[in-house]
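Hi,

Here is the structure I promised to pass on. Have a look at it first, and then read my notes below.

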Amino acid sequence: MTPEAMTSEATASKAAAPEAGPAPAGECTTGPQRLECLLDGPASREIARISRLHRLAAAKLLRGLGLYPGQEILMTLLWERGPVRQSELIRKLELDPSTVTKMLQRLEQSGQVRRSPDPADRRAALVEATERGHELREEVERAWARLEEQTLAGLADEERAELIRLLGKVSENLCAQTSECSAEARNEVC
């Protein structure tokens, strides 16, 4: 067989061969598709992508209000509950204490919140929205309404309802696998 015929036969053989499935995890250590190989779950990859894009869109809307993503959730808790112990905020937000402390420092420096000793337990700190913080509420609600519309643009009402139902199931699945996901958090929506 001539070299040209061998090359032609090898090319035809490759074209006829079925595509290989994802490489086993141990075989994902090299090559240009390494990241795609490691992140082979299409649903998980899309959820991660959407989460990142949603956070970027939220950041863009909140930036004009002087807030960072996540701070609006903390503020919403304060608007709805009034003065709250810092330890309670940490529990409700299900974030690392240092993250919540940094959020509170930024909000306090910008005049949105005030921390003071809890009269019932001087070792604990109470956190409350200031008047300036309360003034943000309507603007934050408008920003979230805009974010909701941007997120769901092009979806019919039935599609929106189905998406929300499916995301709820995904959330339940992940909560069931996460020890840090409290029963309260499973049912609570900020």
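Here is what turned up, starting with the ground rules.

This is a predicted model, so local features need pLDDT of at least 70 and side-chain atom pairs count only at pLDDT 80 or more, while totals for chains, interfaces and linings use all residues. Residues are numbered from 1 along each chain as its sequence is written, and side-chain values use heavy atoms, with hydrogens and water left out.

Strands here are DSSP runs of E with at least two residues, helices are runs of H or I with at least four, and both are numbered from the N terminus; two strands pair if DSSP finds at least two bridges between them.

Strand 2 (residues 113-118) runs antiparallel to strand 3 (residues 121-129), and 6 bridges join them. The hairpin between these two goes through 2 residues. Aspartate 118 is opposite aspartate 121 of strand 3, and arginine 115 has valine 127 as its bridge partner in strand 3. On the other pairing, strand 1 meets strand 3 over 2 bridges, again antiparallel, with arginine 85 opposite leucine 126.

Axes are lines fitted to C-alpha atoms (for helices, over the stretch in contact), and angles between N-to-C directions run from 0 to 180 degrees.

Now the helix pairs. Helix 3 (residues 42-63) packs on helix 8 (residues 137-152) at about 145 degrees, with the axes 10 Å apart. The crossing is right-handed (the near helix is turned clockwise from the far one by less than a right angle). In contact terms (heavy atoms within 4.5 Å), His54, Ala57, Ala58 and Leu61 of helix 3 meet a set in helix 8 that includes Trp144, Arg146 and Leu147. By class, that contact has 6 nonpolar, 3 polar and 1 charged residues.

Helix 5 (residues 86-93) and helix 6 (residues 97-109) also have axes 10 Å apart, at an angle of about 115 degrees, and their crossing is right-handed. Gln86, Leu89, Ile90 and Leu93 in helix 5 touch Pro97, Val100, Thr101 and Leu104 in helix 6. That contact has 6 nonpolar, 2 polar and no charged residues.

Cheers

Technical notes
Nonpolar A, V, L, I, M, F, W, Y, C, P; charged D, E, K, R; others polar.
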